[in-house]
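Let's take a walk through this structure together. Have the sequence and the 3D view at hand and follow along.

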Amino acid sequence: MIQAKAYAAQAADTPLAPWNFERRDVGPQDVLIEIAYCGVCHTDVHQARNEWFPGIFPMVPGHEIVGKIVQVGTHAKKHKPGDLAGVGVMVDSCRTCEDCRNGQEQFCSVSPVLTYNNRDKNGQPVYGGYSNYIVVHEDFVLRVSGKLDLAGVAPLLCAGITTYSPLRRWNVGKGHKLAVVGLGGLGHMAVKFGAAFGADVTVLSTSPNKAEAARRLGANRLVVTKDEDQMKAAQRSFDFIIDTVAADHDINPYLATLRTNGVYVNVGMPVQPFQVPSFTLAMGNKVVAGSGAGGLPETQEMLDFCAEKNIAADVELVNMKDINAAFERMLRGDVLYRFVIDMKTL
Ligand code: NAP
Ligand code: ZN
Ligand code: ZN
């Protein structure tokens, strides 16, 4: 077994604290990654605090992982020691079901293994990236270019692919007006990708003070959602909306800003279900859609696209010991735009 260090939640109502544990040995097709950086996704807060469902504790969160491969198994062929590598929201799947064959392993119907708060195929709990090492089957390890700042690459493994995937699926680009709801970790990546694909991007935000920052990211304007006049002026103006809000909220004011035939894609995971009147959907042929992370081929495509176009997340590096304060600051919206843990500080 491999001795590993981490920060873990021992229960849903206790802060994260240092924890030593064992990772599995490097199997024939595994790779051992020394983690350099791990992004802090709002999902980590949802799960460490049992906001969605009872979790598996101790819990080591973290699914925006980048680092260096330090060992590969005897039959591993895809990676070699010294390579930079990334791991996102999943670490294993069956490889044979319809979704796996279609490169949507995140929806594997047989044996999906998410990166943490989940169990591997042997029923053992798996632990995420708030840790110094991780052992992963080589198929679930992404190639990372050395061209970009590695800390800014970490959030691409979840926030990046979760926004890239639906924008690509709906072919958002030139001639489209795209609104991004919520300028946090996911939202700021949606702005960057929307702008890179040629769309006219508007941010719909509760934070008037993010207007300048939104423009720097590539948006053409920011609409303050608490301002009724601004929301009225935005009615029937967008072809696409991507909603990245983590907190419970009413989506009807946003649906009113869609043009006829417009598409609203939700990627946020608030706890309460949405309520949408049938009339709202019928009048204007509106589409309400969802999207969950992204599969391995598309995640690699996104990483390669980012390396080519020089796109990375805007990050604030934090020390491991400050993770609980980072959770609180994220809940207050006090981060531009993603906390990333510098694993040297573990
Ligand atoms: P985040 O960094 O906290 O950003 C969320 C943003 O939502 C905030 O920055 C804020 O932006 C806005 N917001 C917060 N409270 C709000 C409220 N009450 N009403 C309206 N807007 C509010 O979170 P994140 O890491 O981007 O994650 C966002 C959500 O996506 C989480 O629920 C997470 O679990 C989920 N997620 C889903 C997937 C997937 O596969 N679908 C993958 C990753 C994450 P403004 O200040 O601009 O208003
Ligand atoms: Zn995430
Ligand atoms: Zn499968």
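Start at the metal: along the chain, the donors of the zinc ion (ligand 2) follow the spacing C-x21-H-x94-C. Those donors are Cys 41 (SG), His 63 (NE2) and Cys 158 (SG), at 2.0 to 2.2 Å. A donor here is an N, O or S atom within 2.8 Å of the metal (3.2 Å for Na, K and Ca), and since water is not among the atoms, sites may look incomplete.

Before going further, a word on what you're looking at. This is a predicted model, where local features need pLDDT of at least 70, side-chain atom pairs count only at pLDDT 80 or more, and totals for chains, interfaces and linings use all residues. Residues are numbered from 1 along each chain as its sequence is written, chains are lettered from A and ligands numbered from 1 in the order in which they are written, and side-chain values use heavy atoms, with hydrogens and water left out.

Back to the zinc ion (ligand 2), which is coordinated by His 63 and Cys 158 among others. That pair links distant parts of the chain, 95 residues apart: His 63 sits in the loop between α1 and β4 (65–72), and Cys 158 in the loop between α3 (150–153) and α4 (159–169). (Helices, H or I with at least four residues, and strands, E with at least two, are DSSP runs numbered from the N terminus.) His 63 has a relative accessible area of 6%, so it is buried; the word means under 20%, while exposed is over 50% and partly exposed is in between, with a 1.4 Å probe and protein chains only. Cys 158 counts as buried too, at 5% relative accessibility.

Now move to ligand 1. What surrounds it? There are 28 residues around ligand 1, and the closest are Ser 205, Thr 206, Ser 207, Lys 210 and Arg 338; a residue is near if one of its heavy atoms lies within 4 Å. By class, this shell has 12 nonpolar, 14 polar and two charged residues. Helices α1 (42–48) and α5 (185–196) each supply at least two residues of it, and α1 gives the most, with three. Look at the oxygen atoms of ligand 1: one is 2.6 Å from a polar side-chain atom of Thr 206, one is 2.8 Å from an N or O atom in the side chain of Thr 43, and one is 2.9 Å from a polar backbone atom of Met 269. Taken alone, ligand 1 exposes 930 Å², and the protein buries 88% of that; such areas come from the Shrake-Rupley method with a 1.4 Å probe, and for residues only the protein chains shown count as cover.

Next, the strands. Strand β3 (residues 30–39) holds Val 31, and eight of the 10 residues of β3 are buried. Two strands pair if DSSP finds at least two bridges between them. β3 runs antiparallel to β4, over seven bridges, with Val 31 opposite Val 72. Five bridges join β3 to β10 (residues 133–137), also antiparallel, and there Leu 32 stands opposite Val 135. Three bridges tie β3 to β19 (residues 338–342), again antiparallel, where Tyr 37 faces Asp 342.

Seven bridges join β1 to β2 (residues 17–23), and the two run antiparallel. In that pairing, Ala 6 has Trp 19 as its bridge partner.

Key: Polar contact = N/O pair within 3.5 Å; in protein donor to acceptor, adjacent residues only side chain to side chain. Nonpolar A, V, L, I, M, F, W, Y, C, P; charged D, E, K, R; others polar.
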